[in-house]
Amino acid sequence: MERMQGRKAENADRSLVDLVFSWSLRDVLYKDLHRNKVRKIPETFLSTSHYLTSFINPLIEETHADLSSSMTTLARAPICEVLSVKISKDFKPPRDLFYEISLKRLRDTANEAGIYEPEKGDLIAFTDVRPKSISDLDRPKRPYVIALVQGPLGETSNKLPILSSKLIECFEQRMAMDHKRETEADKKKETLFAVFLTNMTTNIRIWTALHLGQERGNMSLIQKVLQSDSSAENTCTLCFSNPASVWDPITCPFNLNDSQQAAVSSCIAARKCDHQNSVKLIWGPPGTGKTKTVGTLLFVLFRMNCRTVTCAPTNIAVIEVTTRLVRLVRESIECGSYGLGDIVLFGNGERMKIDKHDDLLDVFLNFRINILARCFAPLSGWKHSIESMISLLEDPEEMYDKYLKERGEKDDEDDDEGEEEEEEEEGILRDEKLEINREREGKIHPQYFKDVKEKKIWRNIINQTLKKNKKKQQESVSSQENDQLKDDKGENEDELAQKKNNKMVASGKNDGLLTFQEFVKKRFDSTGERLKFCIINLYTHLPTSFISIEVAKNMIKALGLLESIATLLHSSTVSFKRLKENICEFEDVGKVVDQFSKLHRYRQECLQILRCLHQTLPVPTIFLYDEIKNFCLCNASLIFCTASSSAKLHMAGMKPFELLVIDEAAQLKECESAIPLQLAGLRHAILIGDELQLPAMVKSKISTSAEFGRSLFERLVSLGHRKHLLNLQYRMHPSISLFPNQEFYYNQISDAPNVKERSYKRCFLQGDMYGSYSFINVAYGKEEQSNSLSTRNMVEVVAVSEIVAKLFKESVANKQKVSVGVISPYNAQVFAIKEKLGKTYSTSTHSDFSVSVRSVDGFQGGEEDVIIISTVRSNLNGKVGFLSNRQRANVALTRARHCLWILGNGPTLANSGTIWTKLVSNAKARGCFYNAEDDKNLAQAIATSLVEHGYFHLLQNMDSLLFREARWKVCFSDDFWKSLAKIKRTEINKEVLRLLEKLSSGWRSPNNEKIPNAITGTCSELFQQYKVNGLLDLVWTTDIFKENSNCTQVLKVWDILPRSETSKLARRLETLLGNYTVNDMNRCKVKCIEGNLEVPMRWPGNMNDTGKNLLLGDDPGELLSRSIASLRIWDESD
């Protein structure tokens, strides 16, 4: 039966893979390949068969879109070099084209960029060139060939099993010819590359669940969610009529609010019902303590010993909920870490980043398998260790005699004793044999370490333990040697040992021989370390159904006694003779001192407990990886994994489950939730989520239109299924929560007391702009397409960088801990901001200041003290693209604890007709709308950015950011902008802008700092040269302009250029200025001084006597107007 089920699963898996293999490259690139086959997924279903089949075509289309999308980024795809291709033993053409390929290992290519090691489920393409375009995958002599990776790359073997879409004999032949070609200098060695396209693991698991559900899946829960009625959630009338059966679990001080407690109580009551199946929904808006509620629910289920599977869409979500539960369990444990064996977390350790979660190692499946494998080992594990310790404590002299006998026999067998003597210096002969046994036992279960990085984690932990134990032993030996030196005068060695030693001396075979005292201590230490390792890990990792609390308490007592005996054995007052007397001759205990009385008592108690444990705790006689894995999974009470990984629980012999909990259920595609919903034995399901936040990611627009990304949670809500609302938010300051609560949750959420307290309002930067909530209008930004075809806005990038820099400066100055999150809906913007910030704010360097830059999707579930949102879009049409998505906006707006600052182009967002229109309007109505140029530093940063990116036209218009409030009107020549564009150094650009702003405000350089004019005569008084960065000169003049029947002095900026080139410009200007009349020149030369500033003169009347304005022309549109008093770009000290 099991074999038949396995065959069916394999055939289901292969049918999707075979379909993908059947697509030509042209098929892959044809976006409408399956358009006519995809139908909208209905809200209600006629049967379980109708339900399951509704997802199949959208899944095929999504798989096609995944593969098609990978082709657009082929040049940046991960790639590795293939060294050889060999036919596998399972190779059976034409369908089963199994091969084994060997790869160039990471250590062989450590200095190369883009190194890639294929994983199981990866779809790869073969090519003999590094692909730069799609055509490189399908050339006349090298056709399109793809393959599915069947398993992980072994650590010792570099063979990778694959299933190919076509025969790859040609590659194999070329590989075979490589050696011959290497001998021919005129022929270049051919290479073969594997290019990553996509990973099909999750889609294959969904496909399998959809095809095998009718044959071997548990359909009881799926049947409850087919129709529009809410019977799936209705309270059982039988249970409701019997209040005693509805247990209120909230008797412990979990400190839940009323809505949280009601949700947990309802779920526990449903679990107690044996009369009907049920599906419960818990609605957890942002900041409402969803994780706490789920953790409490799981803790109660843990206490009830309810066999539960907890799933989530992502590894991050799984880690978060597991961490919460484990923390609660550890806080409640009364006996060491007993009870953790009932909890199992499994999945890809590298993707889970399990090495960064030390608190979860005790429940991580791969780590547990490795630990239990050592404890279960027959020649070096629990059974052998406890029997060895019992024998040592019962009769150490007999063991010492055996040791001497073994040593003598070994010496007789081999005259060359150097190696053995060296080994015996480090320990005891029998202990070394145990190490050999461990190596042999390692061959019994070669799959201990399936994941290379997980093995590294394991090795690090073991190495730390061994170092710690070795240090203790070294300290003990050192203490022992010192004690022996102190007691040399009055201490006699044991006579029997001395005689035997003498005999060995006479035969020349005593090198490294241990005395009885040394033997007992070393044997006790080595055996004790192994035994303690087994004791601690057995009561930690064995399920409570296998080890009782009484046994665990005895094990902990044994640990204490072993430590006490070890302390007394290494005590300085213990002589060899008394040590032996007190271990072997206890006829007259009253004659010995108190320490030896303790040693005798501890020995007796320890022996009693160890004998009891030996009888009451026979560990399982299982040694293989899969055997230990099944043992852990079948006996666990709570199991945590992703919804996709729960497919591994669909195996024959798996103990049935009672309850399914899906966290972040609104982010999980309904077809993916079908994987855990069909687990054997399930009667109840609890879905926790918020359909108003981001749904699952879907690449295909066709599948999106078909509602393929819709979650079961969202569908049930749309059908009127009741959901338990968590209605108190603990995260956001009230000014932050106000808008999303009104707009998304219709004021159903209340602010918790903690966020209403005055202390919760934090001021990280000075100014109203940086209050708890503000919209900062960045009017001069410009959206553009990056190379990745995503959208970015470099002006907003600079603005974000400037704000983060100010936050960091204030954090350091005030020694204030601040966590900052930067969110943008566009990946190109995220990348640009990360690149701009660099490693300046590395958390390892500045522990009190952290910055996290992520997309909206990447920030779901996260929170920070300060959130800065870069909305990116800036155009005249109000187009905002997928920024208009309400769910995406909800997530972005609800991540901040204390401050939320939204950067964007106000007019663009206001004209978008989306949620952002309402947000801008709301910000203005609340007085939270600010212009970026109101901040001096932001204005400087933005102006510099405009110059750096060549947006000169934004600085030349009448409402220019740079001069809109200047005292002087300023105009520029084309030569000036061309020269400025050539300057690539940011600091020079900033200095130019500072100088221009100062000049427009009326500042003039003192006479003693002025540069001598390059021209002479009457025109020389108008010609001005100002130094910039010591390298360049800014050349400008004063002119007269007629505007509204008035004559006004203005500034004309001609150029910025090296001083060596100013003479040419001077000669040209001298010609132009020479055409001025005397009246023209006089009015240009007039200076009006107000304090330390020079202000422009204005004359009423006409200027008929001046003739045409020769320098400026008659176009007032060239001039820059207004002032920048509040936008001072230079430091006040200037």
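This is a predicted model: local features need pLDDT of at least 70, side-chain atom pairs count only at pLDDT 80 or more; totals for chains, interfaces and linings use all residues.
Two packed helices are described by the angle between their axes and the distance between the axes. Here the pair is helix H14, made of residues 365-376, and helix H25, made of residues 625-635, which pack at an angle of about 115° with their axes 10 Å apart. Since angles of 65 to 115 degrees count as roughly perpendicular, H14 and H25 are therefore described as roughly perpendicular to each other. The crossing in which H14 passes H25 is right-handed. On the H14 side, the residues that meet H25 are Leu 365, Asn 366, Arg 368, Ile 369, Leu 372, Ala 373 and Phe 376, and their partners in H25 are Tyr 625, Ile 628, Lys 629, Phe 631, Cys 632 and Leu 633. Sorted by class, this contact of H14 with H25 has ten nonpolar residues, one polar residue and two charged residues.

At the N-terminal end, H31 is capped by Asn 793, which has a side-chain oxygen 3.2 Å from the backbone nitrogen of Val 795. After H31 comes Lys 815, with a positive phi near 50°.

Two loops complete the walk. In the loop between strand S1 (79-87) and strand S2 (98-103) lies Pro 94, which is joined to Pro 93 by a cis peptide bond with an omega of about 10°. The loop between helix H13 (349-352) and H14 holds Lys 353, a residue that is not a glycine and yet has a positive phi of about 55°.

Methods
Residues are numbered from 1 along each chain as its sequence is written. Side-chain values use heavy atoms; hydrogens and water are left out. Axes are lines fitted to C-alpha atoms, for helices over the stretch in contact, and angles run from 0 to 180 degrees between N-to-C directions. Helices (H or I, at least four residues) and strands (E, at least two) are DSSP runs, numbered from the N terminus. Angles under 35 degrees count as roughly parallel, over 145 as roughly antiparallel, 65 to 115 as roughly perpendicular and the rest as oblique. A crossing is left-handed if the near helix is turned anticlockwise from the far one by less than a right angle, and right-handed if clockwise. Contact means heavy atoms within 4.5 Å. Ala, Val, Leu, Ile, Met, Phe, Trp, Tyr, Cys and Pro count as nonpolar, Asp, Glu, Lys and Arg as charged, and the others, Gly among them, as polar. A polar contact is a pair of N or O atoms within 3.5 Å; within protein, one must be able to donate a hydrogen and the other to accept it, and residues adjacent in sequence count only if both atoms are side-chain atoms.
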